[in-house]
Amino acid sequence: MAKKQLITAIINGEEREFACEPRQSLLEVLRDSLQLTGAKEGCNNGNCGACTVLLNGEPVVSCLVLAVEAEGAKIETVEGIAAGGQLQPLQQCFLEGAALQCGVCTPGFLMTTKALLERNPHPTEEEIRFQLAGNLCRCTGYDKIVRAVQAAAEGAK
Amino acid sequence: MSDNSPISYSDKKYKVLGTRPVRHDGADKVTGRAQYGADVQLPGMTHGKVLRSPHPHARIKGIDTSIAEKIDGVYAIATGEDWPDLIDKVAELGEGAVNLHDLAQNCLAVGKALYKGHAIAAVAARNVHIAEEAIAAIRVDYEVLPAVTCVLDAMKEDAPILHPGLRTETLDEPSDQPTNIDRHIHFETGDIDAGFAAADVIVEKEYKTATVHQAYIEPQVSTALWNEDGHLKIWTSTQGAFTARQQTAELLQLPVSKVTVTPCEIGGGFGGKIPVYLEPVAAILSRKCGRPVKMTMQRDEVFEGTGPTPATFMKVKLGATRDGKLTAGQAYLAYESGAFPGGMIGPGTMCVFSCVELPNAVVDGYDVCVNKPKTQPYRAPGATQAAFAFESTFNELADQLKIDPIEIRQMNGVKEGSQRVDGPVYPRIGYLECLDAAQKSAHWNTPLEGPNRGRGVAAGYWFNIGMKSSVSASINPDGTIHLLEGSTDIGGTRTSIAMQLAETIGIPAEDVLPKVVDTDSVGYTDVTGGSRTTFATGMAAHKVGLDLLQQLTARVAFLWECEPNEVQVDGDVYRYRSQQMTFKELAAKLPETGDPVIGRASVSPEGSTNGFGVHIVDVEVDPDTAKVTILRYTAIQDAGKAIHPSYVEGQMQGGAVQGIGWALNEEYFYGADHKMRNASLLDYRIPTCLDVPMIDTIIVEVPNPAHPFGVRGVGETPIVPPPAAIAEAIYQATGVRMTELPMSPPRLWKAMSQR
Ligand code: FES
Ligand code: FES
């Protein structure tokens, strides 16, 4: 077993330190060491998007990022979206638009959408579908998710 | 835009039903706080992993765990030797029965591996990485046997036999030959020869469908703690806590009272999370090492080691008069059951002709073992395959007769009083109303223009099973009601059930606070499956409401010193002469009127009720690549009464998209070595956002006479029509009739180039 390394990263705005083995993924460390279980594991090989978090503002599948790569990085997870006990409009749009059924894909969708809307506040339906194509949802058929993203973009106008 | 206004056939006005409140568990889910199976953390927790067979069929001659045991951090190892002696016993699990002996062998093999991915041994270790190292260090001595993974091959006399003791269950005398055919079902009505003799046109076709998987995004995950006092606690992702308890208790030969199952939030199931896989194995490991053991499947294990739905071979023959009246129908359905007997053939045979009145019919169904994972229910189990065969043949017949596909369905469609081929007579149903809605829809009335484009339509049917549900409720002084239920919530049923109690009491949905609790805390409740939850558990919620109302009027009568029957109840307002009081005011006074008010109810509606849907789809087929693009999609369905229209739409949209995946892409792709080649979510491609358009919905409401609010379960029907509807649209676009699923580019391209 390789020796553990000490990593420092800004997670949801707070500086956090953690020790990890070089073989551990960021997803594993977030969930098991830092108790940030919002990011979900659906496939553990980069295909489902359930584990999406933002790394320096970019959406990444955290199951394919090694925890040691997070040194010095800024990481945002679903736990960091709502601020001061208030849901963000994006979360509100998902709720009111019934854009979740089982909800296991939801944290990933929220993170991908957050990154999308930050880069492009008024995406077309085509752009939304293109950007969210890396996040699989097996329950909703995507209709209500796309509409929730549209509603969130509407609100951002 | 979505045309989603319900078309109601009832004059009843409701206060809560039909509104769209935010789900009670919503905030937890959008903040990442909801506790799914993988989020369970217990002190001293260890991690389990399963060693799986690399061979589709092999005798296990020996398992050597000596090296693995010595690895630092390995706490326990389990094999099939650890099962207690299990008698052959069949347990009913809601969407099908299971033989416990087979179930145990499926969780940890005994004697033989019957499919690639079959669990052979399991390890508990300090962390998953060590458990994986230990798995790699276990040596298994296999004698590889010939395998069979195609239903037609498995039915041949010289096929490799999976279970030497298996004999076909049939109405005739069973033969004494070893076989893979575990069951033959036969229904007959009228005079089939006379029926075909009376036909002017006969169409007969053969169909094949591939193995597909439920592919829920959350893999199976379970944690078990076998306590020193002999009590077993399980936290798991399951569609039914009580069925998980029953299966685990029976496999481990424990009384059910010794097992507590806590259902975690579940990340999808669609029928695939009814059987246990990990729960009893984690329990055995926990007993051996005295610590909690958590087990999570990897995605390839989900594909190769849990239940897909059957691949099939089917034949359908239909006869009709020149003016489009069906005279006879014959169906032959051979369904794979996977490694163990007991597949989805039963509902397949009941559903194949369920949308038409057929005076003369014969249905033969065969359930066949093959070297693939044991098949499990997948949303309307067995019905989608049968509908692909029947609806496709029906569309071809309509085409030959030059009759509009909706009109021919109206002409032959089932209604109240029609008899299904397997016997039951329909009560009030909403099939013709769905067809009318389809005919009047914006989609059907907009001409489809452009080259390489086509439009298709198909119908689908599924039951709502009844079974058992229990709830209990207590009234809080602040005017809210806590509702405890045993139905795990997959798609928002906490809310759809709470709304039915809210309606009964006349209070807002938000004032009912539903909670899914563990098996110690509520009465027995069957699985969330069979489109039964909003229907049957909703019925229990209504009944508990009536129980509370009765107690409340007694309390009001006590306060106002009158007789309970003199109290008038109007929604949430109670009146007697000039006095009146709201539920909220009453709730605050309850503590002064006597004991706390609690209610309870359990139901077990007999038989099943019926849900119908009709789908319309427009496609464009790329002539060079044969890629099919879905341009427009409309799903129409009878919900009886749509409790929460958004959730009904969500079920229709989700089911339609799963059906689109099944129709166009999804399949277990096998090599000549009988091994799956695409056991990942990259290669087993379920639809993404970019593969589908918005899915328009039209909800039809023909009240279900078997439910106090007229509810019909809606979860499963929407996966039934898509493959046949898309096949027809492809035919209209290309002139090619596809009779094999999936209609993927290579297969369609081949068919198009042979045209
Ligand atoms: S778990 Fe990371 S992409 Fe699926
Ligand atoms: S809501 Fe279940 S996977 Fe998206």
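Helices (H or I, at least four residues) and strands (E, at least two) are DSSP runs, numbered from the N terminus. This is a predicted model, in which local features need pLDDT of at least 70, side-chain atom pairs count only at pLDDT 80 or more, and totals for chains, interfaces and linings use all residues. Residues are numbered from 1 along each chain as written, chains are lettered from A and ligands numbered from 1 in the order written, and side-chain values use heavy atoms, without hydrogens or water.

**The sheet of chain B**

Seven strands of chain B make up an open sheet of mixed pairing, ordered β4-β8-β2-β16-β13-β14-β15; two strands pair if DSSP finds at least two bridges between them. At the edges, β4 (74–79) and β15 (259–263) of chain B each pair on one side only. Within the sheet, β2 (residues 46–52) and β8 (residues 119–125) of chain B are antiparallel partners joined over six bridges, and B:Arg52 stands opposite B:Ala119 in β8(B).

**The second largest pocket**

A pocket is an open set of points on a 1 Å grid over the protein atoms alone, where a 1.4 Å probe fits, with protein on both sides within 12 Å along at least five of seven lines; lining residues have an atom within 4 Å of a point. Of the 29 lining residues of the second largest pocket, A:Glu28, A:Asp32, B:His47, B:Val128 and B:His129 are the closest to its centre. Helix α1(A) gives the largest share of this lining, five residues.

| Class in the lining | Residues |
|---|---|
| Nonpolar (Ala, Val, Leu, Ile, Met, Phe, Trp, Tyr, Cys, Pro) | seven residues |
| Polar (the others, Gly among them) | eleven residues |
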